Amino acid sequence: MKRIDIVDGILYYYGNPAGCVSGETAILDTMFQKEELIRFLTEKGIENPVFRGGVYDQLSEDSGTEKTITIDRKESKKFRIYQLGQKSPVTMRFISLAERRKRGYDRPQRGEYVLVHEEEIEKFNLEEVWEKYGQAVPENFAGHALAISDVIEFADGDASRFFYIDAAGYEEIQF
């Protein structure tokens, strides 16, 4: 048995149904947010898998791929946190946008970052996100506490807004 495999659109992690894969979209249960699994998906061309609770339960109850993917695409408000990946230069980390330009780096690029958290929210509020993730982080959070150079995304259906955490607050960016 392979450690990680995709069979009929279901991703199996050590024999457990971890999520669904369709084209370049992967929806996985948060309990499977492991570096090994993310690396496997990246090799398959899936750059930003979505992690959320309840996927394992749905798959275990034999709800099937289509239902799980459809549920994720509903019109809900979500926020995501991106942090610089291990392959990004150390001199790029924890610096303001002005310092980033001064050091010769382009604007933040999605490929430099890793999605470390996603959850549904009722309203978009940067200060509430900072309060929850800026000092300490909850158990299910895969990254470090929020810091300069991190990116927060607010997504509402197909529209998204991205905010770079800067020295003086937040700056909306194209990402």
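This section describes the confidence, strand arrangement, ring contacts and salt bridges of a predicted model.

The mean pLDDT of the protein chain is 86, and 91% of its residues reach 70 or more. Among the elements of the chain, helix α4 (residues 97-102) has the highest mean pLDDT, at 96, whereas helix α3 (residues 65-72) has the lowest, at 53. Where pLDDT is low, predicted coordinates should not be read in detail.

Strand β4 takes part in pairings with two strands, β3 and β5. With strand β3 (residues 16-22), β4 pairs in the antiparallel sense over 4 bridges, and within this arrangement S22 stands opposite T25 of β4. The hairpin formed by β3 and β4 has 2 residues between the strands, and in this hairpin G23 adopts a positive phi near 65°. With strand β5 (residues 50-52), β4 runs parallel and is joined by 3 bridges, I27 standing opposite V50 in β5. Together with helix α1, the strands β4 and β5 make a β-α-β unit that is right-handed. Of the 5 residues of β4, 4 are buried, so that the strand is largely enclosed by the rest of the structure.

The loop between α1 and β5 contains E47, a residue that counts as exposed because its relative accessibility is 52%, the cut-off for that class being over 50%. Although E47 and T25 are 22 residues apart in sequence, their C-alpha atoms are 8.6 Å apart in space; T25 is the residue of β4 that stands opposite S22.

The structure holds 10 aromatic pairs. One of them is formed by Y13 and F32, whose rings are arranged edge-to-face, with 5.9 Å from centre to centre and 75° between the planes. Because Y13 lies in strand β2 (residues 10-13) and F32 in the loop between β4 (25-29) and α1 (35-43), this pair ties together parts that are 19 residues apart in sequence. Both Y13 and F32 are buried. A further pair, that of Y133 and F141, is tilted, with the ring centres 5.1 Å apart and 35° between the planes. Y133 counts as buried because its relative accessibility is 1%, and F141, at 7%, likewise counts as buried. Beyond individual pairs, ring pairs link Y13, Y14, F32 and Y56 into a cluster. A ring also takes part in a contact with a charged group, in that the charged end of K77 sits over the ring of F124, at 5.3 Å from the centre of that ring.

Side chains of opposite charge can pair when their charged atoms come close, and the structure holds 10 salt bridges. In one of these, the side chains of R39 and E35 meet with an N to O distance of 3.8 Å. R39 and E35 are 4 residues apart in helix α1, and therefore they are separated by about one helical turn. With a relative accessibility of 46%, R39 counts as partly exposed, and E35, with a relative accessible area of 48%, is partly exposed as well. In helix α4, E99 and K102 are 3 residues apart and are thus also separated by about one helical turn; the salt bridge between E99 and K102 has its closest N and O atoms 4.0 Å apart. Here E99 counts as partly exposed, at 24% relative accessibility, while K102 is exposed, with a relative accessible area of 68%.

A salt bridge is also formed by the side chains of E119 and K132, with 3.3 Å between N and O. This pair links distant parts of the chain, since E119 belongs to strand β7 (residues 113-120) and K132 to helix α5 (residues 126-133), the two residues being 13 apart. K132 counts as partly exposed, its relative accessibility being 43%. Finally, salt bridges that share partners join R80, E118 and E153 into one network.

Conventions: Residues are numbered from 1 along each chain as its sequence is written. This is a predicted model: local features need pLDDT of at least 70, side-chain atom pairs count only at pLDDT 80 or more; totals for chains, interfaces and linings use all residues. Side-chain values use heavy atoms; hydrogens and water are left out. Rings of Phe, Tyr and Trp (its six-membered ring) pair if their centres lie within 6.5 Å; planes under 30 degrees apart count as stacked, over 60 as edge-to-face and the rest as tilted. Buried means under 20% relative accessible area, exposed over 50%, partly exposed in between (1.4 Å probe, protein chains only). A charge sits over a ring if NZ of Lys or CZ of Arg is within 6 Å of the ring centre and within 35 degrees of the ring normal. pLDDT is the predictor's confidence in each residue, from 0 to 100. Two strands pair if DSSP finds at least two bridges between them. A crossover is right-handed if, with the strands pointing away from the viewer, the path from the first strand over the helix to the second runs clockwise.
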